[in-house]
Amino acid sequence: MKKNWLLFIALAACAMNAQASFNGQVILAEYLFPDTATVVPGGFTPTQATVGGGVEFNSYGLTAVDLSSNNILWTNIDPAGGDVTFAPPASFNGHQFTDVNGTIPEITGVTINAATTLPGFDASRVSFDANSIRANFDNLIMAPADIVSLDVTFAAAPAPAPVSATALSLPLLILTFADAATTTASMSLEDDAVTETSPAAV
């Protein structure tokens, strides 16, 4: 029974190596301006976060970005309750999110969720590659009630990589030796018991 549990744990560990989801993954947030090749220092707080419950990123205290399993949500959090203006005009004025460790399956699609209310934000403002997603807010104005919501699809999580016979056999070998040691100790105790009682039988 113990051997079966060890085998199960080994296979489960392999299966968890990649998940088709943002959850539990480390994401890098970057503010890009005036083009996609230029990162603005201090554009996000923090710059990296592990996706979980609550808001992961804050951009200049004006917009909040919350990642969930397959969605990215922007909201206006201007403490003065005003509009957030993405200006001056440039080829790119927006955000990029990247799978830092390359542990998420390939991004295969990004679509605008119907809940999005930011005027002017359309599919032309969204781009992505296997590990990153970019949203261009250039020259847009986000009112206090506006949101942007992107749905993300991933390639299917890969099947667990084959586990080598050595990797699986090592814990089982250790357990076998432990069982053997236990059996030997038990037999030794039984022999001692016989030795101690044999004089009484004479």
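**View 1. An aromatic cluster in the predicted model.** In this predicted model, a single aromatic cluster is formed by Phe-44, Phe-57, Trp-74, Phe-86, Phe-97, Phe-121 and Phe-137. The count of aromatic pairs in the structure comes to 9.

**View 2. The edge-to-face pair of Phe-22 and Phe-154.** The rings of Phe-22 and Phe-154 lie 5.2 Å apart, centre to centre, with 85° between their planes, and the pair is accordingly edge-to-face. Phe-22 belongs to the loop between helix H1 (2-15) and E1, whereas Phe-154 belongs to strand E12, so the pair ties together parts that are 132 residues apart in sequence. Both Phe-22 and Phe-154 are buried.

**View 3. The largest nonpolar core, with its 30 residues.** Within this core, the residues that touch the most other members are Phe-22, Phe-57, Ile-72, Trp-74, Phe-97 and Phe-121. At least two residues of the core come from each of strand E1 (26-32), strand E4 (63-68), strand E5 (71-76), strand E8 (107-112), strand E10 (132-136) and strand E12 (147-154). Of these, E12 gives the most to the core, supplying 4 residues. In soluble globular proteins, nonpolar side chains tend to be buried together.

**View 4. The surroundings of Phe-121.** When residues up to four places away in sequence are not counted, Phe-121 touches Ile-112, Thr-116, Val-126, Ala-135, Asn-136, Phe-137, Leu-140, Val-148 and Leu-150. Among these contacts, Phe-137 is also a member, together with Phe-121, of the aromatic cluster, and Ile-112 and Leu-150, both touched by Phe-121, stand opposite each other, with Leu-150 in E12.

**View 5. Strand E12 and its antiparallel pairings with E5 and E8.** Strands E5 and E12 run antiparallel and are joined by 5 bridges; on this side of the description, Thr-75 has Ile-147 in E12 as its bridge partner. Strands E8 and E12 likewise run antiparallel, and 5 bridges join them, while Ile-112 is found opposite Leu-150 of E12.

**View 6. The salt bridge between Asp-129 and Arg-134.** The structure has a count of 1 salt bridge, and in the pair formed by Asp-129 and Arg-134 the closest N and O atoms are 3.6 Å apart. Asp-129, with a relative accessible area of 35%, is partly exposed, whereas Arg-134 counts as buried because its relative accessibility of 12% falls under the 20% cut-off. Side chains of opposite charge can pair when their charged atoms come close.

Note on methods
Residues are numbered from 1 along each chain as its sequence is written. This is a predicted model: local features need pLDDT of at least 70, side-chain atom pairs count only at pLDDT 80 or more; totals for chains, interfaces and linings use all residues. Side-chain values use heavy atoms; hydrogens and water are left out. A nonpolar core is a set of buried Ala, Val, Leu, Ile, Met, Phe, Trp, Tyr and Cys residues joined through side-chain atoms within 4.5 Å. Buried means under 20% relative accessible area, exposed over 50%, partly exposed in between (1.4 Å probe, protein chains only). Contact means heavy atoms within 4.5 Å. A salt bridge is a side-chain nitrogen of Lys or Arg within 4 Å of a carboxyl oxygen of Asp or Glu. Rings of Phe, Tyr and Trp (its six-membered ring) pair if their centres lie within 6.5 Å; planes under 30 degrees apart count as stacked, over 60 as edge-to-face and the rest as tilted. Two strands pair if DSSP finds at least two bridges between them.
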